[in-house]
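The model is shown first, and the findings follow.

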Amino acid sequence: MLISNTAKAHLALLSVNMLYGANYLIAKGLMPHKIEASALVFLRISGAGLLFLFLKYFIKEKVEKKDLPRLALCGFLGIAANQFFSMNGLSLTSPVDAAIIVTAMPIFTIIISYFILKEPLTFQRILGIVLGGTGAVFLIYLGNSGFGTSSLTGNIFIGCNALVFSFYLVIVKPLMSKYKPITVIGWTFMFAFIFMFPVCLGPLLKTDFTSFTTSNWISLVYVVVGPTFLAYLLNMFALQFVKPTVSSSYIYVQPAVAMLLVVVVSYVVVNSQYQDDITASKLLCCVLIFAGVYLISSRPLQWLKRWIA
C-alpha cells in the first residue's frame, strides 16, 4: 500500500514534534551546568550543518542570486535566532513552560500569513488567536511566580523563539516550492553559521568537555542529530506538501511529550527539580492555547457559524 506525500508529510511533522518534545528535558539536562546555551547553539548549528553539507554534496542544484537574501533571512530567523532564543530560554526556565509556550507558534504563523501570504482571517481564526494568545501571555507571566524552575526572562525568550520561527515558516515556503529541501536547508544553515559564529564561539571555548560523562555525550549527540538535523530535514520535506499553518499546528505534540517525561523523571528521581513544574494554572493556559490552535487550524465549525448568525 502506497502512502501519499501528504500522509508522509503528516508523519514527518509528528516525528519532528516528538523529537522536539523530548529535547526540552534532554537539552535542559546539559544546560547550564555542563555547557552554556550559546555553546550548545554553536554545536547544534555547526554539527547539523556539516551533516546537511554532506547530503548537499550528492544534490547538484544552483540557486538564483535573487533568492540569496531570502535564504539569508531564513538562516537568521529559522536557525540562528530560533536556536539562540530556544536554548537560552530553556536554560533559564522550565521545560514544561518552554514546551507549552511554543504551542503559540500557529497563532503567530496565522497572523504573519495574513500579512505576507494574504491568507484570510475569519472570525473563527480571530477567536482562536484571542484564546491562544491569552493562554500564552498568562503562561509567560507565570514565570514570575517562583514555583518550580520557571523564569519570566526564560519564558519571554521562548516566546521570541516561537515568533521568529513562525516568520521562518512563512518566508521559507516559496523557496520550498522552487528548490529541493536539501538545497534550501544547506544554504540556510550556512548563513546561520555565519550569523551565529561571532556570538557563540566564546562560550564554546569556555566549555570543559573533559567533565562530560557518557550520558552527557549521548544527550549532546541527540540534541545535534535529533531535534536539529532530522527535525529540520523532516520539516523541510513536509513543507513541500502542506501549508505553514498545518506544519505549525503539530506543535501541540511537544508539551505532551515534555510533560510525560517530566512526570516520569519526577516519579523516578526523589526531590526532582521539576516536581513543581506542572501546576493547574499552567494546565489551564495549555488548554487555552490548544483551543486557540484548534480553532485557527480546523475547518469552519458549523456550531460556531450558527452561534454567530
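## Terms and basis

A salt bridge is taken here as a side-chain nitrogen of Lys or Arg within 4 Å of a carboxyl oxygen of Asp or Glu. The model is a predicted one, in which local features need pLDDT of at least 70 and side-chain atom pairs count only at pLDDT 80 or more, while totals for chains, interfaces and linings use all residues. Residues are numbered from 1 along each chain as its sequence is written, and side-chain values use heavy atoms, with hydrogens and water left out.

## A salt-bridge network

Side chains of opposite charge can pair when their charged atoms come close. The structure holds 4 salt bridges, and E64, K66, D67 and K178 are linked in a network of such pairs. K178 is bridged to E64, with the closest N and O atoms 3.4 Å apart; this pair links distant parts of the chain, since K178 lies in helix α7 (residues 152-178) and E64 in the loop between α2 (37-56) and α3 (68-92), 114 residues apart. Helices, here and below, are DSSP runs of H or I with at least four residues, numbered from the N terminus.

K178 also meets D67 in a salt bridge, at 2.8 Å from N to O, and this pair again links distant parts of the chain, with D67 in the loop between α2 and α3, 111 residues from K178 in helix α7. D67 is buried at 10%, K66 is exposed at 63%, and both E64, at 37%, and K178, at 37%, are partly exposed.

## A cis peptide bond

The peptide bond from M31 to P32 is cis, with omega near -10°. P32 itself is found in the loop between α1 (5-28) and α2.

Two packed helices are described by the angle between their axes and the distance between the axes. Axes are lines fitted to C-alpha atoms, for helices over the stretch in contact, and angles run from 0 to 180 degrees between N-to-C directions. Angles under 35 degrees count as roughly parallel, over 145 as roughly antiparallel, 65 to 115 as roughly perpendicular and the rest as oblique. Helix α8 (residues 181-205) and helix α9 (residues 214-239) pack at about 130°, with their axes 9 Å apart, which makes α8 oblique to α9. Contact means heavy atoms within 4.5 Å, and on this basis P181, I182, V184, I185 and F189 in α8 meet T228, Y232, L233, M236 and F237 in α9. The residues of this contact divide into 9 nonpolar, 1 polar and no charged, where Ala, Val, Leu, Ile, Met, Phe, Trp, Tyr, Cys and Pro count as nonpolar, Asp, Glu, Lys and Arg as charged, and the others, Gly among them, as polar.

For α3 and α8, the packing angle is about 60° and the axes are 7 Å apart; these helices are therefore oblique to each other. Among the contacting residues are L68, L71 and F84 in α3, and W187, F195 and V199 in α8. The contact of α3 with α8 comprises 15 nonpolar residues, 2 polar and no charged.

Key. Buried < 20%, exposed > 50% of the residue type's maximum accessible area, 1.4 Å probe, protein only. Helix = DSSP H or I, 4+ residues; strand = E, 2+ residues; numbered from the N terminus.
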